[in-house]
Amino acid sequence: MFIGAIARAQGNQSGENVDVRVGIDHGEFDRLLKKYVNEQGLVNYTAWKQNAGDISALDHYLDQFAAKIDTPAQGNAKAAALVNAYNAFTLRWILANYPTESIWQLKDSFPAKRHDVGARKVSLNDVEHGTLRPLIGYRAHAVLVCAARSCPPLQRFAYTADNFEEQNDRAYRAWLARDDLNKFSPHEKKIEISSIFKWFKQDFDNAGGVSKILVRYAPQSVREFVASGKYEIKYIPYNWGLNDQGSHGRNYSRAQLLLDNIFR
């Protein structure tokens, strides 16, 4: 029951709006993602942590967000910048505390206002729940990666204003194509999908419902089956183990999640 409460809480968080300045250059973050993230969306934290130059490069990238805002970004420019910020802040938080088995083993990863944006401190919850969910709705859930193995896979590119919608679609298709994260079984008339679709049901309902989103982004080979609506939906338990290319997080259990939330 307690683990269920932890999971449900992910869909009921609040946060403050976060503005971000125009003109942030995402090129260096793009380079780092291509270097340290593999095709499965797992991160080579060991190599990254050992490379002082690339730790510094990530810090310099994030420094761009810290300055006072003269002209705030709008629309896709704001969305792309804050998706990158969320993912980059999360990566930096893990790197600062690596090795760890899960982001839940670290103190107040989501609510703490420890990240510098627009000359103030903001939290990951502010970026996700206070800003991106109101701004882009269900689209936020394929692109925000909180360092867990059950997260949508971290893409090997930085999001940009000009390509944000296409990149967002690509991230959704990549997520739904992963049969360890979302499984379509026409012969059994069953679909097993990420718990994210349950936690944030309202966001998907606002866009026409989970089924509509599944039809739009499911693999082509099962799209007719999904469009039929003749299936049972089940939700896959969330694996909060670290999205590490190495061994960390591979054996992180639901029992350990419970302990971490009691004693951390």
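At 54% relative accessibility, A119 counts as exposed, and in this predicted model the residue sits in the loop that joins β1 and β2 (120-122). Its phi is near 65°, a positive value in a residue other than glycine. Most residues other than glycine have a negative phi, and most peptide bonds are trans.

**Backbone exceptions in the loops**

D108 lies in the loop between α5 and β1, and with a relative accessible area of 29% it is partly exposed. The loop between α5 (75-97) and β1 (115-117) also holds P99, and the peptide bond that leads from Y98 to P99 is cis, with omega near 5°.

| Residue | Relative accessible area | Class |
|---|---|---|
| D203 | 10% | buried |
| D108 | 29% | partly exposed |
| A119 | 54% | exposed |
| G23 | 65% | exposed |

**Overall form**

The protein contains 12 helices and 5 strands. Its radius of gyration is 18 Å, close to the 18 Å that the globule rule gives for 264 residues, so the protein is as compact as a globular protein of that length. Taken along the principal axes, the box filled by the C-alpha atoms is roughly 55 × 40 × 35 Å. Of the 264 residues, 52% count as buried.

G23, in the loop between α1 (2-9) and α2 (27-36), is 41 residues from Q64 in sequence, while the two C-alpha atoms are 9.1 Å apart. L42, in the loop between α2 and α3 (45-50), is 112 residues from L154 in sequence, with a C-alpha to C-alpha distance of 7.1 Å. Not counting residues up to four places away in sequence, L42 touches Y36, V37, R149, N243, D244 and Q245.

**Helices with a buried face**

Which residues of helix α10 are buried? In this helix, which spans residues 210-217, they are V210, I213, L214 and Y217. Seen down the axis of α10, these buried residues fall within an arc of 100°, so they line one face of the helix. An α-helix has 3.6 residues a turn, so residues three or four places apart point the same way. The cover over the buried residues of α10 includes α7 (164-176), β4 (190-194), α8 (196-199), α9 (201-205) and α11 (223-228).

Helix α12, made of residues 254-263, has L257, D260 and N261 buried. Viewed along the axis of α12, its buried residues fall within an arc of 95°, so here too they line one face of the helix.

Helix α9, which is named in the cover of α10, is also the place of D203. Is D203 buried or exposed? With a relative accessibility of 10%, D203 counts as buried, because the value is under the 20% limit. Leaving aside neighbours within four places in sequence, D203 is in contact with R133, G137, Y138 and H141.

Rolling a probe the size of a water molecule over the atoms shows where empty space is left. How many cavities of 30 Å³ or more does the protein have? The count comes to 3, and the largest cavity holds about 170 Å³ of space. This cavity is lined by 18 residues, of which Y86, E128, C146, F200 and Y238 are the closest to its centre. The elements that give two or more residues to this lining are α6 (124-136) and α8, and α6 gives the most, with 3 residues. By class, the lining of the largest cavity has 12 nonpolar, 5 polar and 1 charged residues.

Conventions:
Residues are numbered from 1 along each chain as its sequence is written. This is a predicted model: local features need pLDDT of at least 70, side-chain atom pairs count only at pLDDT 80 or more; totals for chains, interfaces and linings use all residues. Side-chain values use heavy atoms; hydrogens and water are left out. Buried means under 20% relative accessible area, exposed over 50%, partly exposed in between (1.4 Å probe, protein chains only). Helices (H or I, at least four residues) and strands (E, at least two) are DSSP runs, numbered from the N terminus. The arc is that of the directions from the helix axis to the C-beta atoms. Contact means heavy atoms within 4.5 Å. On a 1 Å grid over the protein atoms alone, a cavity is a set of points where a 1.4 Å probe fits but cannot get out, and a pocket is an open set with protein on both sides within 12 Å along at least five of seven lines; lining residues have an atom within 4 Å of a point. Grid points are joined across faces, edges and corners, and a volume is the space filled by probe spheres set on the points. Ala, Val, Leu, Ile, Met, Phe, Trp, Tyr, Cys and Pro count as nonpolar, Asp, Glu, Lys and Arg as charged, and the others, Gly among them, as polar. The radius of gyration is taken over C-alpha atoms; the globule rule is 2.2 Å times the number of residues to the power 0.38.
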